[in-house]
Amino acid sequence: MRDHSYPYVVLGAGLAAASAVEGIRLHDSSGSIVLIGAEQAPPYDRPPLSKQLWSGAKTMEEIFLHPGTFYAEQGVELQLGTSILALDPASHTLRDADSAIYRYRKLLLATGGTPRRLSIPGGDLDGVSYFRMVQDYKYLRRAADAAQSALVVGGGFIGSEIAAALSQRGLRVTMVFPGQHLGSRVFPESLGRAITAEYRAKGVEVVAGDRPLAIARHKEAYRTTTQGGRDIVSDLVVVGIGIEPNIQLAQAAGLRTGNGVVVDQFLRTSDPDIYAAGDVAYFPDPVLGPRRVEHWDNALSQGKHAGANMAGAGTPFGYIPFFFSDLFEFGYEAVGDTDARLETFADWQEENKTGVVYYLRDGLVRGAMMCNLFERVDAARALIQRGERVKPNDLRGAIR
Ligand SMILES: Cc1cc2nc3c(=O)[nH]c(=O)nc-3n(C[C@H](O)[C@H](O)[C@H](O)COP(=O)(O)OP(=O)(O)OC[C@H]3O[C@@H](n4cnc5c(N)ncnc54)[C@H](O)[C@@H]3O)c2cc1C
């Protein structure tokens, strides 16, 4: 039976994991690294799966985070298609589904998250897509070519992006979600309603304030009934209702967990030889407070930072990551707390199209969303970090 030792074991082969390699190599040019991932594909970017791959702005070859030669050049062994079933911090080992053992000196948990499933009759029907991985994209792309209609469940990032992508491919798209408008967790009401109106104008049928109760096969298609009494027949059903962090291994191993694997400012878990980064990590942001962030820039920066600390850098993580999305012609970059429940102040150059939405708590700027304005993230981050009390009106013109 296989039993190997490594100075560095990186569990997960997503963005946080791939970035960790770069962080490790900044401080240790030769210690061997193994990257273990359940998916067959080497580390790739997920954002294009719901955007550029559909529009043709990127090809499949362009989504990989590094050229194929990168890992061998960096002294990294890729152990893909490999699921780890157990972690034993006492013996510093991981065990995979074939009982192979991986011994580590330092371990990174970069296990990301798994899509939440609909716990309704028919939620597990074959072909209902819980969209996250490249194989989900490949399936949906093939299925969309042969389909006329789609039901998208969920009005957050993934649901909204997939609905736009399918609609642009000419499918009749219906969206169902419980909020009153798209993106209700981040957009202030007037912006959310304007974006929802834009979706309707593009031909998407938006059913807000409703949720599916059951999905059944209907000839070659699906029939979904909703709480509001709708009966929606569609060739495809795609679900984007959020993710759950993959904390099971950490939990079973006795590490501190909660809404994620709990880490300190060095991204170290409750075991000093185990780190966590990316979608799975619950970390103490020094400005905004403890949180778990499910965004690309967070996985990129935390992965790299955790890797550096595994190799001895010993620096606290203090970066505030940004995030982005594209919804038809509406694109934005945002940073910090963009929780629609906070006080918001919108400084529009063109109402609900171009401008900045500020998110405030107790007079402090906690977040900013730059709508159709790009490369303003550093200015927004500085505003948040400055931590000065402001009156909303003073923010007019702060970022242009
Ligand atoms: C379709 C889509 C579009 C997105 N668009 C945006 C966007 O526009 N902007 C933005 O900011 N963010 C976006 N995101 C979010 C962003 O992609 C994630 O935040 C990022 O991928 C998180 O990276 P990660 O490495 O932490 O986790 P993941 O990407 O989830 O990678 C974790 C990996 O670990 C593996 N794994 C887990 N457990 C085990 C185990 N026990 N054994 C072996 N392997 C295991 C998983 O199979 C997975 O491959 C998008 C996400 C999706 C799905």
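In the predicted model, the C-alpha centres of domain 1 and domain 3 are separated by 31 Å. The chain is divided into three parts: domain 1 comprises two segments, 3–114 and 243–310, domain 2 covers 117–239, and domain 3 spans 329–395.

The ligand lies between domain 1 and domain 2, because both of these domains give residues to the shell around it. This shell holds 36 residues, of which Gly12, Gly14, Gly112, Gly278 and His295 come nearest to the ligand. Two or more shell residues are given by each of helix 1 (15–27), helix 8 (296–310) and strand 22 (322–327). Divided by class, the residues around the ligand are 18 nonpolar, twelve polar and six charged.

An open sheet of three strands is also found, with the order 12-13-14 and antiparallel pairing. Strand 12 (212–218) and strand 14 (231–234) form the edges of this sheet, as each pairs on one side only. On average, and with direction ignored, neighbouring strands of the sheet are turned by 20° against each other. Strands of a sheet pair through backbone hydrogen bonds, in either a parallel or an antiparallel manner. Strand 13 (residues 221–226) and strand 14 run antiparallel and are joined by four bridges.

Notes:
Residues numbered from 1 in each chain as written. Predicted model: local features only at pLDDT ≥ 70, side-chain atom pairs only at ≥ 80, totals over all residues. Near = placed C-beta within 6 Å. Nonpolar A, V, L, I, M, F, W, Y, C, P; charged D, E, K, R; others polar. Domains from an automatic or database assignment. Pairing = 2+ DSSP bridges. Axes fitted to C-alpha atoms, helices over the stretch in contact; angles between N-to-C directions.
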